[in-house]
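Please examine the sequence and the structure shown here. The account that follows leads through the chains in turn and then turns to the contact between them.

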Amino acid sequence: MIVAHKLTKRFGGLTAVDDVSFEVGTGQIVGFIGPNGAGKTTTMRLLTGFMPASSGHVSVAGHDVFESPMLARKQIGYLPETPPLYVDLSIGQYLRFIAEIRGVERSQRTRRIGQVMEAVGLSGWERRLVGSLSKGYRQRVGLAQAIIHNPSVLILDEPTSGLDPKQLVGIRTFIQNLAEDRTVILSTHILPEVEALCERAIVIDNGRILADDSLDGLRDRVGDGVRYRLQIRAHKNVAPAVGASDAVSRVDDMGAEEGVQYLQVHASSDPRHAIAKLAQDNGWAVHAMERHAPTLEEAFLHLVGDER
Amino acid sequence: MTAVWAIFKKELRVTFVSPLAWVFLAAFLFLAGLFFYLGIASTGTASLTIMISNLSIALLFLLPMLTMRHFAEEARSGTLELMMTAPVPLWSLIVGKWAASVALCLMLLVGTLLFPAILAYYGDPDWGVITASYLGLALCCMAYLAAGVFSSSLTEEPVAGGLLGVLVLLPFWIAGTAAEMVESAPIRSVLRELALQTHVASFSKGVVDTADLAWFVLLTFGFLFLTWRSVESRRWR
């Protein structure tokens with residue numbers, strides 16, 4: 001649905017986006033993550049055609065954003081970093097204006113406005129002045145304007161900034177539902193958001209793509225990979241016996257406390273079944289066996305840290 | 001066209017909910033009344049010539065205040081990003097904004113129709129001259145507003161946009177004054193052609209000349225075209 005090919009954007013001597021290529025298909029939610037100033041917003045602006053790229057091109061639903069901008073733009077719903085609101089209009093007037101310029105059929109407008117207001121939790125707020133809304137509600141109006149024309153591609157630049165935890169859950173579920181038959185690109189620096197919503201993430205820093213992978217794939221890039229943490233109560237040291245098991249590739253002894261031994265186990269596949277059997281045979285009491293995957297945060301810091 | 005109409009309606013709505021339009025309306029009608037009175041008091045004739053020529057100068061300073069928000073505000077609040085990623089050609093955004101300001105000015109001019117009505121009650125004014133004068137004033141408004149829209153596209157600061165509008169228009173007025181002071185005949189005639197006063201004057205004498213019409217139309221389209229260039233160039237920054 002979205003194809004970015006060798007996108008580069010220079011501002012004077014500064015290269016904000018550097019040779020960025022990726023593709024996102026229908027039904028995917030892709031997280032675009034990177035530190036502040038990494039080039040996320042500029043990339044979003046290149047994708048929506050707000051700015052022309054210095055070189056490279058973007059196509060949305062088969063339409064080149066700069067060759068046939070009107071066709072491409074019809075397919076795009078865009079929520080910029082700051083929700084683009086006219087503070088002097090009421091929510092209803094604002095959404096009607098957006099529906100008109102986005103080309104929603106006259107006969108459909110009232111129905112669509114009702115639908116999107118309900119979807120973002122603004123039902124009954126038609127007459128409220130946009131300027132009087134709090135940040136979270138402004139964000140919702142911003143989301144409402146992005147989806148009013150039922151676009152096939154959604155580009156959301158930090159969509160949940162300023163939302164409270166309860167609104168957050170609602171909006172995330174909402175974005176997830178939207179993605180069923182759409183393409184969603186979500187730019188953010190909030191990693192739990194990516195974990196909650198995306199299967200795939202593109203990590204960008206200094207304008208360059210550092211990684212474009214599934215979340216699991218990204219986590220696997222962290223040196224140690226998946227670890228298993230064990231807590232076992234036994235009379236003698238269990239580490240050698242665990243280490244001897246075929247299922248285990250390495251054991252770190254993490255010490256003991258009140259007779260409970262703490263171990264960290266590395267293994268190519270889940271060794272817990274084998275260890276449980278070992279415990280049973282030797283009469284150990286297993287207090288805990290936890291799979292501990294590297295978090296996205298670790299993976300992110302690993303990638304971004306490498307670069308700097 | 002749907003987009004132009006949508007933008008037109010939105011702009012008028014935004015203008016009327018802000019106090020700006022109402023303050024402007026009051027200031028304009030006050031000035032018009034003053035010029036009308038002074039015109040009658042000084043000449044003693046049932047004519048609007050003085051009022052029209054004074055208004056054409058006063059509007060040069062007033063109208064850029066009406067258009068100063070247009071692009072400056074949109075750039076500052078981030079709504080320009082919305083408009084420039086919407087499936088709407090840029091010209092329709094410019095024309096919609098300009099047309100909304102023109103509509104507001106035409107409403108103001110309709111408000112001043114009270115003055116010719118007073119003339120008609122007490123005297124016998126020349127309706128041909130009055131119609132031509134109003135046409136001239138309306139054309140003046142269109143050109144000023146186009147210049148105002150253009151200058152608001154040059155900055156993100158509305159007040160700066162307004163002042164720039166005045167600065168952009170002033171040379172056309174100064175050209176008229178300068179023409180009277182210049183010795184050389186060819187330069188004088190060029191300055192006269194450039195001058196606002198020359199073209200307004202023929203309308204207020206009741207003469208509708210295609211050359212004057214063309215001058216205003218050219219000025220209007222020229223500024224709207226420059227606006228288009230200026231907003232388009234934002235993309236590249």
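The paragraphs below describe the fold of each chain and the interface.

The model is predicted, so that local features require pLDDT of at least 70 and side-chain atom pairs count only at pLDDT 80 or more, while totals for chains, interfaces and linings use all residues. Residues are numbered from 1 along each chain as its sequence is written, and chains are lettered from A and ligands numbered from 1 in the order in which they are written.

Chain A contains 11 helices and 14 strands; here helices (H or I, at least four residues) and strands (E, at least two) are DSSP runs, numbered from the N terminus. Its radius of gyration is 25 Å, well over the 19 Å that the globule rule gives for 308 residues, so chain A is more spread out than a compact globule. That radius is taken over C-alpha atoms, and the rule is 2.2 Å times the number of residues to the power 0.38. Along the principal axes, the C-alpha atoms of chain A fill a box of roughly 80 × 45 × 30 Å. The domain assignment, which is automatic or from a database, divides chain A into domain 1 (2-220) and domain 2 (227-292). The C-alpha centres of these two domains of chain A lie 46 Å apart.

Of the 308 residues in chain A, 41% are buried, a residue being buried if 20 or more other C-beta atoms, placed from the backbone, lie within 10 Å of its own. Among contacts in chain A with a separation of 6 or more, 69% join residues 24 or more positions apart; two residues are in contact if their C-beta atoms, placed from the backbone, lie within 7 Å.

Chain B, in turn, has 12 helices and zero strands. For its 237 residues, a compact globule would have a radius of gyration near 18 Å, and the 19 Å of chain B agrees with this. Its C-alpha atoms fill a box of roughly 55 × 45 × 30 Å along the principal axes. Buried residues account for 45% of chain B, and 74% of its contacts with a separation of 6 or more are between residues 24 or more positions apart.

Where the chains meet, 19 residues of chain B and 23 residues of chain A take part in the contact. On the side of chain B that touches chain A, the elements giving two or more residues are helix H1 (2-17) and helix H5 (79-85) of chain B. H1(B) gives the most, with seven residues. This side of chain B comprises 10 nonpolar, five polar and four charged residues; Ala, Val, Leu, Ile, Met, Phe, Trp, Tyr, Cys and Pro count as nonpolar, Asp, Glu, Lys and Arg as charged, and the others, Gly among them, as polar.

How values were computed: A residue is buried if 20 or more other C-beta atoms lie within 10 Å of its own, exposed if 12 or fewer, and partly exposed in between; C-beta atoms are placed from the backbone.
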